[in-house]
Amino acid sequence: MLIRCLFMDFTATGVLMSLTYDQVRAVRWRDDALELLDQRLLPAEQQYRRVQSVAAAAEAIRAMVVRGAPAIGVAAAYGVVLAAAARWVESPGQWRARIATDLALLAAARPTAVNLCWALRRMERVMAEISGDPRPRLLAEAVAIHEEDIAANRRMGALGAALLDTRGAVLTHCNTGSLATGGYGTALGVIRAAYAAGRVERVYADETRPWLQGARLTAWELVQEGIPVTLLADGAAAALLRGGAITWVLVGADRIAANGDVANKIGTYHLALAARYHRVRFMVVAPVSTVDLSLACGTDIPIEQRAAEELLMLGGQAVAAAGAEVWNPSFDVTPAELVDALVTEHGVVWAPDTEKMARLIADSAELAGPDAG
Ligand code: MRU
């Protein structure tokens, strides 16, 4: 009975769904399965895919059914619940030993977003304490990861919006909204909060080649909420910044190294360079789970290389000269010196560097208590 209750639809509690300026959920748990809004089909179709095995969860992450660093972490946590359920049914005495390969499968699904490994480590810590049926406890932990992510985004929204002192237009890259997170968003969460407070009047969104997360996802989220959005080709950003209308550039992050270097969607680095040249401030918004103190600097961050077809094809049509070779890194690294403000749920770090990052993580560990990690 307890298991039955815990496996019910947590997104229907109203806690996750009833937030202003935040209508959509990329990840949800229903009737003992993970459901993912298939982001490859947006904005044309809104279709949830039911994911009932850990292998299917790993494949959905790899294939970008679910994407965005925090959303990947949340989906992976639910993936662990699926893995534990299968391993427990298969062999109650062996589930803990057998689940190791499942965790490795999830961890390998996408290499740059550190939130994925962060969520797996957190689930592993809980696994170590379980005796008996692992399902209720692991599901509770996955739901906690999901809800804490939304709460962190809300907090970052308030902190970041307070930095937008001049009412005007902002520029963003990729999709960092409800679709990329547990809900509400990181950089787009700040934009939501700032719009609600009257501090943003328009959002310029890079289309974000080759997956078009800006055109398909960010524009979709903003249009749905009536927030004015103007799309631009990625290559138009420097000209826009020169025009003087943009008060801040806001982006998310997939991994932040110990010195504050930021890995994010390909194209972020040249946006940061252009912003600095034109004296436009550059804000990175990310939860502390995105910080990886084990890597000294950005060059240590593994950068995912994706298939050539992503550039050679568009909507199933060939768009490039046959025979051309392709370089398709999914992310780039922006040096910390180009970041004016890093907004986390534990506070704002101005001009991040190694010392300030270490202090941020030490302070957040203190706030979270001795069991956090
Ligand atoms: O390849 P994607 O779509 O997963 O890349 C997403 C990004 O780069 C986001 O900016 C990042 O994950 C932060 S999302 C809150």
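This is a predicted model: local features need pLDDT of at least 70, side-chain atom pairs count only at pLDDT 80 or more; totals for chains, interfaces and linings use all residues.
In strand E6, Leu-232 is the bridge partner of Asp-206. Strand E5 (residues 200–206) and strand E6 run parallel, and four bridges join them. Packed on the sheet is helix H8 (residues 213–224), which touches strand E4 (168–172) as well as E5 and E6. The direction of H8 makes about 170 degrees with that of E6.

The sheet to which these strands belong can now be followed from one end to the other. It is an open sheet of seven strands with mixed pairing, in the order E6-E5-E4-E7-E10-E15-E16. Its edge strands, E6 (229–232) and E16 (347–350), each pair on one side only. On average, and with direction ignored, neighbouring strands of this sheet are turned by 25 degrees against each other.

A further open sheet has four strands in the order E11-E8-E9-E14, and its pairing is also mixed. Strands E11 (291–292) and E14 (331–334) stand at the edges; each has a single partner strand, so one side of each is left without a neighbour in the sheet. Strand E8 (residues 255–257) runs parallel to E11 and is joined to it by two bridges, with Ile-256 standing opposite Val-291 in E11.

The division of the protein into domains comes next. Domain 1 covers residues 25–148 and domain 2 covers residues 153–368. Their C-alpha centres lie 25 Å apart. In the contact between them, 25 residues of domain 1 meet 32 residues of domain 2. The two domains bury about 2,300 Å² between them, with 54% of this area on carbon and sulfur atoms. Of the area that domain 1 buries against domain 2, Arg-67, Thr-112 and Val-114 supply 26%, more than any other three residues.

Polar features of the interface complete the account. Between domain 1 and domain 2 the count is one salt bridge. Elsewhere in the description of side chains, Arg-110 and Glu-304 meet in a salt bridge at 2.9 Å, N to O. Across the interface, 15 residue pairs are in polar contact. On the side of domain 1 that touches domain 2, the elements giving two or more residues are helix H3 (69–90) and helix H5 (114–129). The largest share of that side, four residues, comes from H3.

Terms used: Residues are numbered from 1 along each chain as its sequence is written. Side-chain values use heavy atoms; hydrogens and water are left out. Two strands pair if DSSP finds at least two bridges between them. Domain bounds come from an automatic or database domain assignment. Contact means heavy atoms within 4.5 Å. Buried area is the accessible area (1.4 Å probe) that two parts lose on being put together, summed over both. A salt bridge is a side-chain nitrogen of Lys or Arg within 4 Å of a carboxyl oxygen of Asp or Glu. A polar contact is a pair of N or O atoms within 3.5 Å; within protein, one must be able to donate a hydrogen and the other to accept it, and residues adjacent in sequence count only if both atoms are side-chain atoms. Axes are lines fitted to C-alpha atoms, for helices over the stretch in contact, and angles run from 0 to 180 degrees between N-to-C directions.
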